[in-house]
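Me: I would like to learn how to read disulfides in a model. Could you walk me through them?

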Amino acid sequence: MQEHGNRNKSNSRTNRLINESSPYLLQHANNPVDWYAWGEDALQRAKKEDKPIFLSIGYSACHWCHVMAHESFEDEEIAKIMNENFINIKVDREERPDIDDIYQKVCQLATGTGGWPLSIFLTPDQRPFYAGTYFPKYSRYGMPGFGTILNQLAEAYKSKKQEIHSATSEFMHALSNTAKDVQGKGENIERSIIDEAAVGLLQMGDPIYGGFGQAPKFPNTSNLLFLLRYYDISQISRFKDFVMFSADKMAAGGIHDHLGGGFARYSTDQKWLVPHFEKMLYDNALLAQLYAELYQISGNVKYLKIVEKILEYVIAEMTSPDGGFYSAQDADSEGEEGKFYVWSKQEIVNVLEDATISDIFCEYYGITEAGNFEGKNILNIRNSLTHLAQKYHMTTEAIEGIINDASKRLFEVRSKRVRPGQDDKILTSWNGLMISGFAKGYKITGNKKYLDAAINAVNFIESKIAKNDGRLQRAYKDGISKLNAYLDDYAFYVNALLDVFEIYAQPTYLQKAIVYTNFMIQHFWDPEGGSFFFTSDDHEQLIVRTKSFYDLAIPSGNSMAASNLLRLYHFIQNNDYLYKAEHIMREGAKTASENPFGFGHLLIAMYLYIKKPVEITIIRNTEKQRANSEMVNWLNRQFIPNGIIAIIENESQLQELQNYPFFKGRNLVQEDQKDSDYALVCRNFSCSLPINSIQELERLVRMP
């Protein structure tokens with residue numbers, strides 16, 4: 001990419017961002033721009049000097065954020081215009097999703113789309129009057145140049161105040177109506193809602209390459225998880241088949257890191273071939289859960305291996321020494337997107353040395369001299385093991401062994417390259433998703449390392465991020481936790497606590513889930529609107545207090561909260577939990593049925609509500625190691641998405657849980673069963689007698 005203008009290449013000059021902890025803000029600490037972090041200093045200066053605010057929002061792994069920084073924010077000429085005419089504020093969207101949520105809505109209202117970098121121009125009282133995303137330094141392809149925009153808006157603010165006022169008024173009116181676009185009139189939560197939504201989603205699916213839409217193409221994991229649940233309630237195979245087809249296409253594509261494990265954020269093309277190479281914790285957390293459920297449904301080991309590769313990647317590269325999970329890895333290294341991940345054919349031949357081995361590897365992964373990405377190769381599966389076995393007169397096991405051994409050798413070589421940058425801040429919400437990913441991984445593998453990773457992350461949040469009064473904080477870095485947590489943080493973390501409790505029923509996990517849920521209700525619930533605000537009632541006051549309903553790259557806090565409230569209701573029989581879950585679902589029901597693409601996780605909550613749970617308790621009475629319980633192992637490998645499950649280590653642990661309605665009377669075991677594991681299955685307010693055979697457990701679980 002061509003560069004323009006004089007750059008400040010020295011690290012001797014820094015701006016205020018040098019005092020921040022966010023890796024994204026620190027990336028801009030040496031810009032010649034006089035950046036502020038969001039805060040009173042910047043806002044008061046804007047008012048005092050009557051200057052407009054330029055608000056730039058991005059995140060550390062964002063490729064186009066880097067491009068705009070290199071082109072404009074490192075440029076002395078552009079910086080001079082910015083410093084003379086604007087108060088310039090940088091925001092890390094991952095630390096301040098509340099600010100990002102407001103101004104993304106503004107950008108979508110103004111341009112029909114959003115994204116990062118987000119570029120918003122505000123009056124000193126934070127009201128927007130112009131919005132966009134990436135702007136090149138100079139005009140090209142119909143895009144106005146950033147320097148031109150700066151000059152025009154600076155002049156407009158000085159000489160056309162009435163026009164600026166009209167623009168801000170229009171934006172504020174539209175913002176006040178955004179939540180109403182989703183909130184319905186309290187529809188009944190009926191089976192027809194998820195029927196209509198599932199059919200609609202399937203019609204949106206790409207029948208050639210899987211997934212949804214053209215390009216860019218995101219995993220949209222919540223939608224796929226919902227379709228698996230719709231398969232469970234309908235037993236119509238085409239819904240499951242589409243999810244498997246999509247998951248197989250993603251796993252074969254370049255979006256999947258075949259050597260190191262994990263998935264990139266999205267594909268720039270329809271075929272899943274060329275990723276945007278950044279890796280986000282939340283994508284890998286949700287995809288680990290998706291592939292784990294596909295293994296539970298199909299028993300196909302290929303899905304189990306993908307889960308293991310994701311989790312091993314997170315353990316190796318995304319886990320802090322204290323047990324929390326880092327946020328992201330950059331798309332760029334050495335100033336080039338994807339350089340860390342791509343290969344020339346000659347590099348591979350040189351590493352593998354043996355001609356037959358390199359031929360097999362290159363055919364399997366579509367490696368050519370010309371390459372498939374800027375003259376290099378992104379690994380993507382192009383031939384089946386069966387085809388290669390026939391061609392080379394070997395067994396499929398032998399071919400697979402050759403590819404695995406070659407992959408290990410190439411991974412070792414790749415690990416010596418200059419690595420992409422890492423965003424090592426730890427976010428409560430994304431850690432919640434990843435804890436759930438490890439819990440699901442433990443269920444299907446029985447690998448205690450994955451359970452330990454989940455428990456260690458819970459312990460990290462409790463010791464480093466949680467406060468004594470039920471309050472959580474948003475972010476942790478360099479020994480400091482900061483920022484009041486948002487709805488997502490509470491909802492995702494409560495879900496994680498329930499997922500860990502499901503496989504390891506320590507009473508403290510359920511107790512904490514209740515404490516955080518009650519705090520969330522006290523400080524986030526809107527008694528008039530019947531759903532949760534994104535920020536707490538004691539949060540910094542911004543121009544609007546938003547609500548989030550859309551399940552896109554990650555679930556919305558309202559959707560996850562509805563699901564949590566349903567699960568907790570069955571444990572503790574708190575009718576207020578059920579009432580609030582119903583409220584959220586009713587508000588979104590009509591929109592979710594008509595436009596299901598953005599409501600996958602809300603539909604998951606509706607599935608649980610409509611199908612109604614099966615309650616399963618297993619009490620361990622033997623002295624065997626946890627991994628050796630045949631009954632537990634069988635249960636963990638089953639796809640029971642409506643299961644409310646607790647696996648209890650012994651009778652004394654069960655006694656500690658007797659205060660909760662779910663566990664009352666569940667220790668009525670006969671004397672001759674005292675030395676064996678036993679289970680209780682309840683549905684529709686009726687419970688089985690204690691059982692200690694897998695066959696009987698399966699019969700009761702599978703009953704319609």
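Reply: Happy to; we will go through the cysteines of this predicted model.

Me: What is a disulfide, and how many does a search of the whole structure find?

Reply: In general, a disulfide is a covalent bond between the sulfur atoms of two cysteines. Here, the search of the whole structure finds two. Cysteine 62 and cysteine 65 form one, with their sulfur atoms 2.3 Å apart. Another disulfide joins cysteine 682 to cysteine 687, at 2.0 Å from S to S.

Me: In which pattern do the disulfides of the chain follow?

Reply: Count the bonded cysteines along the chain, and the pattern reads 1-2, 3-4.

Me: Which handedness do I read for each link?

Reply: Look at the angle about the S-S bond. For cysteine 62 and cysteine 65 it is 80°, a right-handed link. The link of cysteine 682 and cysteine 687 is right-handed too, with 110°.

Me: Is cysteine 687 buried or partly exposed, and what about cysteine 682?

Reply: Buried means under 20% relative accessible area. Cysteine 682 has 3% relative accessibility, so it counts as buried, whereas cysteine 687, at 49%, counts as partly exposed. In the other pair, cysteine 62 is buried at 2%, and cysteine 65 is buried at 3%.

Terms used:
Residues are numbered from 1 along each chain as its sequence is written. This is a predicted model: local features need pLDDT of at least 70, side-chain atom pairs count only at pLDDT 80 or more; totals for chains, interfaces and linings use all residues. Side-chain values use heavy atoms; hydrogens and water are left out. A disulfide is a pair of cysteine sulfur atoms within 2.5 Å. Buried means under 20% relative accessible area, exposed over 50%, partly exposed in between (1.4 Å probe, protein chains only).
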